[in-house]
Amino acid sequence: MSIETNTISRNSPASRLSKRVPQGSDATEEGGGATSIKTNTTSHNSPSTNSWENSEEFKEDPCAAYMSHRQNNSRDVISRAAYKTIIMEALSRKQREVMDALVADAEYMCHHGLGSRGANCHIALILLKHVAPRRFLSKTQILKLIRAIHDVGHLSEFTITSAAKVSLAALAYEPDEEVDRELLPMLKGLLVSKLPPAHERRPFRMREVWEETSNGQFLPIVVWPLFRLMLAFARRGEQTDASEIMAGLLEGQRIDNRAINATDLEAKDYVYVVLSVLVRACLNSGWFARSSTLLCPTVASRERVSIHLSRLVEDWLVAALDNPGDHDLAEAASMLIILMERADDYVVPNELLQRFYSEAAKADKGELVQAVYRHSRDIEGHSYRPPRGNALAWFGRYLRAERRDVHLSRVLAKQVVDENIYVEPSVRGSLLYNTAAFSFTLQTRALWERWSTGAERSYVVCMSATMLRIVSAFVNGAAATRRAAMRKPPTPPDETRINGLEEAAGRAGDQEEDAQTDAQETETRSTAQTEGDHPASDIPPPSSTPSPHRDDSDHTRSADPAALAPREEPEELTREELLARAEDIRRFADKVYDAYCEARTPFETADRFTLNAIARGAFMLDRDAEAFQVFELMKARDIRLDLHDLNVVISVVAKADPAAGLARIEKMVAAGLRPDAITYGTVIHWAIFHGDAPLVGRVIEMARAHGLQEFSFKTLAALVHAAVQPEFAAAGGVGEGAQLAHVDDVVGTMLDMGILPTPNVGRDCVKAALLADDPVRAFGFWKELLKDKVEWADAGWTAVRARIARKIRQHYTNGWLDERRARVMLSELGYDLVLLHLRRQMAARVPPLMPS
């Protein structure tokens with residue numbers, strides 16, 4: 001055949017693309033040395049061909065010129081170089097219509113071209129080699145091109161490299177019953193024909209068609225495509241084809257015998273047999289990523305996982321967790337969850353599970369540990385252990401500080417308590433800190449009592465931050481319980497109760513919810529829940545905090561049956577029982593503080609941080625005299641008070657008079673000290689507690705004037721809560737719409753600081769949206785800040801969902817919300833949708849009230 005040379009502008013797209021794609025390699029691999037294709041009677045140097053390919057139209061836009069030329073002229077009067085230019089240009093521009101035309105032309109030329117058969121298939125080979133691996137051809141198009149080449153008997157035109165590349169591209173697509181029935185046998189014939197003879201085991205020539213394994217063995221590059229093809233046949237139930245490929249690979253020693261020996265060949269599941277051999281062969285060859293490609297999709301497609309397949313996954317997990325990357329950890333998490341949920345008669349070994357937790361903790365992949373642990377607690381018949389050691393401490397911090405996941409934190413704490421999980425001494429203080437931070441008083445008390453005795457008690461008793469967290473949580477819990485008692489009338493002396501005081505107290509010790517009753521449990525916005533990285537604050541929760549068990553924003557009863565269903569709630573305690581419970585909670589707070597002080601004696605040799613913690617704890621417990629004795633001791637020891645110490649003093653002053661606290665800050669500034677976010681936040685908290693809205697504004701202005709850009713999370717949470725209190729908003733002259741705007745601003749500030757709001761903050765956001773009569777915003781706050789972070793069936797959070805649902809129905813009934821959107825939101829909230837459309841119809845039939 002003749003060689004045709006085209007003169008193309010150096011700056012044209014055709015020129016750039018011809019430089020981008022080497023042409024010599026294709027001439028060697030896929031064209032039998034021919035460099036132009038002429039499939040009609042036009043001579044190779046036809047003026048029509050040369051003039052069109054050298055035209056300005058082609059130089060400027062080869063694809064547009066091709067489509068135009070294709071409509072007006074014979075589609076086979078185009079040179080190979082021009083076709084390649086068009087193909088690569090269409091690929092780079094993602095022009096699907098042009099690519100479809102090229103596939104049609106390539107298929108036509110294979111069958112009807114008048115040149116040599118090898119030359120006629122050249123365009124199809126280019127498309128398969130360059131376009132198919134980039135997934136810009138459909139699986140059906142790949143089949144058409146391979147079929148066309150096969151029909152004219154020129155599969156031999158594929159080199160071993162092209163055969164491997166095209167086969168992998170086709171096998172990467174999802175299985176297609178109709179296409180695979182014809183495509184897979186053709187790929188089998190192509191790949192097997194390229195497999196070197198069994199005696200050829202080292203690449204004496206053509207090194208690029210071999211690859212070296214981790215054990216020093218050289219394998220042809222078509223072995224991996226054959227692995228993929230073998231599994232595809234097995235999953236289709238075509239055992240004969242899969243067995244023939246495996247027999248050929250075994251005969252040529254392309255599969256390690258260890259893979260065969262480790263597989264249960266008597267298993268009835270043929271897919272397992274093939275998968276086991278292939279995965280183990282990949283692992284033995286150091287092809288871990290390839291083993292994942294085979295194993296993970298196959299296992300994920302199974303509704304149930306057999307014991308044999310489970311053990312294969314276990315072996316893969318051992319390899320996956322050996323110095324894993326992020327992708328390996330993600331796949332390992334997926335496989336662990338599948339084994340827990342779908343495996344028959346199989347339990348994931350604890351050591352393997354702990355290895356995953358440890359590696360994920362090192363990689364800071366909290367979302368993976370969170371997902372695996374959550375699923376592990378949903379399994380019936382076996383209780384999987386939580387993370388241990390440093391991974392447990394890290395996971396607790398992740399749930400508290402990053403995810404604000406109250407529900408899973410409670411599950412973790414309850415498991416450690418209920419199952420008497422052994423926790424390493426060095427981790428106990430951190431776990432107690434996190435448990436107290438969420439005000440899980442029952443678990444906190446149980447764990448402190450368990451670990452505060454014996455030779456290892458110092459790991460718990462001597463931890464300053466842990467002591468302050470526990471004292472803060474229990475002081476605030478006692479105060480909330482006492483407030484609840486004061487709202488109840490005294491029990492008449494002659495009233496007979498079925499359950500006596502002792503029984504009620506015992507029940508309160510068994511269930512955390514009974515400590516403060518149904519209304520008080522969620523009312524308590526303990527500072528331990530919202531004080532961020534500063535556990536030392538003694539600021540109590542606002543006394544006006546609403547309970548999610550009580551609907552303050554909308555007293556209209558829901559028409560939803562689920563909302564009207566009776567709840568299973570513990571019997572409420574009497575006023576006397578609540579007061580007794582408050583005293584018991586307070587005594588425990590004193591016990592924790594006294595144990596810390598005893599362990600830290602003598603104070604004359606204690607460091608300043610210990611003395612600061614002692615003073616702060618004393619202030620929390622209203623033992624002010626002891627706190628001031630500590631400061632006198634520091635003065636006597638010539639220990640200069642730093643900002644942390646002064647913050648303790650300001651908290652005491654602001655507790656009695658927030659305005660006096662602000663005056664102290666002004667004196668600090670005048671003396672050259674620079675107050676921090678905790679200094680200002682302390683006064684803001686107490687001003688909110690006392691209902692002094694103007695003072696809150698003054699403190700914020702002063703903080704901004706002195707360069708403070710970011711408040712602590714605790715302060716921001718308090719500002720959100722204050723914004724939704726009617727009495728506080730009225731004092732500041734703020735309307736309901738402005739309240740919602742203020743909440744938006746504060747939550748936006750939190751997110752900008754990388755702080756995820758807690759569920760309590762989310763509840764306040766929902767309330768602000770409902771007060772502003774905006775159920776769509778309320779739903780958005782619930783979905784982003786509450787969903788999957790609180791217990792779904794908890795009565796308080798059920799009430800929050802019910803309030804949102806009522807407002808959605810109200811807006812739908814009034815025609816302010818379309819049905820589709822209302823249905824989506826109600827469905828996600830867990831409410832019935834059947835009668836939704838009837839509400840608007842019924843509302844439309846109600847005649848308007850006539851003036852009298």
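Trainee: Why is the meeting of the side chains of Lys 807 and Asp 773 called a salt bridge?

Mentor: In this predicted model, the N to O distance between Lys 807 and Asp 773 is 3.6 Å. A salt bridge requires a side-chain nitrogen of Lys or Arg within 4 Å of a carboxyl oxygen of Asp or Glu. The value of 3.6 Å is within 4 Å, so the pair qualifies.

Trainee: What makes this pair one that ties together separate parts of the sequence?

Mentor: Lys 807 belongs to helix 44 (residues 795-813), while Asp 773 sits in the loop between helix 42 (759-771) and helix 43 (775-785); the parts so tied are 34 residues apart in sequence.

Trainee: How do you know whether Lys 807 is buried or exposed?

Mentor: Its relative accessibility is 11%. Buried means under 20%, and Lys 807 therefore counts as buried.

Trainee: What joins Arg 586, Asp 590, Asp 594, Arg 623 and Glu 626 into one network?

Mentor: Salt bridges that share partners join these five residues. The whole structure contains 41 salt bridges.

Trainee: What makes Arg 304 and Asp 344 a salt bridge?

Mentor: The closest N and O atoms of Arg 304 and Asp 344 are 2.8 Å apart, and this is within the 4 Å cut-off. Arg 304 lies in the loop between helix 17 (288-300) and helix 18 (307-320), and Asp 344 in the loop between helix 19 (326-342) and helix 20 (350-362), so the bridge ties together parts 40 residues apart in sequence.

Trainee: Why is Arg 304 described as partly exposed?

Mentor: The relative accessible area of Arg 304 is 43%.

Trainee: Why is Glu 351 called exposed?

Mentor: Glu 351 has a relative accessible area of 51%. Arg 388, at 37%, is partly exposed.

Trainee: Which residues gather in a patch of positive charge on the surface?

Mentor: They are Lys 94, Arg 96, Arg 134 and Lys 165. Lys 94 is found in the loop between helix 6 (80-93) and helix 7 (96-112). Its relative accessible area of 53% is over the 50% limit, so Lys 94 is exposed.

Trainee: What makes the phi of Arg 135 worth a remark?

Mentor: Most residues other than glycine have a negative phi. The phi of Arg 135 is near 55 degrees, a positive value. Arg 135 occupies the loop between helix 9 (122-131) and helix 10 (139-151) and is partly exposed at 45%. Asn 420 also has a positive phi, near 50 degrees; this residue lies in the loop between helix 23 (406-418) and helix 24 (425-437) and is exposed at 51%.

Trainee: Why is the bond that joins Thr 601 and Pro 602 called cis?

Mentor: Its omega is about 0 degrees. Most peptide bonds are trans. Pro 602 is placed in the loop between helix 32 (575-599) and helix 33 (608-620).

Trainee: How do you know that Val 649 is buried?

Mentor: Val 649 has a relative accessible area of 16%. This is under 20%, and the residue is therefore buried. Val 649 is in helix 35 (residues 643-656) and touches Phe 631 and Arg 664, leaving aside residues up to four places away in sequence.

Trainee: What does the secondary structure of the protein come to?

Mentor: The protein has 46 helices and 2 strands. Of its 852 residues, 54% count as buried.

Terms used:
Residues are numbered from 1 along each chain as its sequence is written. This is a predicted model: local features need pLDDT of at least 70, side-chain atom pairs count only at pLDDT 80 or more; totals for chains, interfaces and linings use all residues. Side-chain values use heavy atoms; hydrogens and water are left out. Patches are made of residues with over 30% relative accessible area and no salt bridge: like charges are joined within 9 Å, nonpolar side chains (Val, Leu, Ile, Met, Phe, Trp, Tyr) within 5 Å. Accessible areas come from the Shrake-Rupley method with a 1.4 Å probe; for residues, only the protein chains shown count as cover. Lys and Arg count as positive and Asp and Glu as negative; His and the chain ends are not counted. The place of a charge is taken as NZ of Lys, CZ of Arg, CG of Asp or CD of Glu. Helices (H or I, at least four residues) and strands (E, at least two) are DSSP runs, numbered from the N terminus. Buried means under 20% relative accessible area, exposed over 50%, partly exposed in between (1.4 Å probe, protein chains only). Contact means heavy atoms within 4.5 Å.
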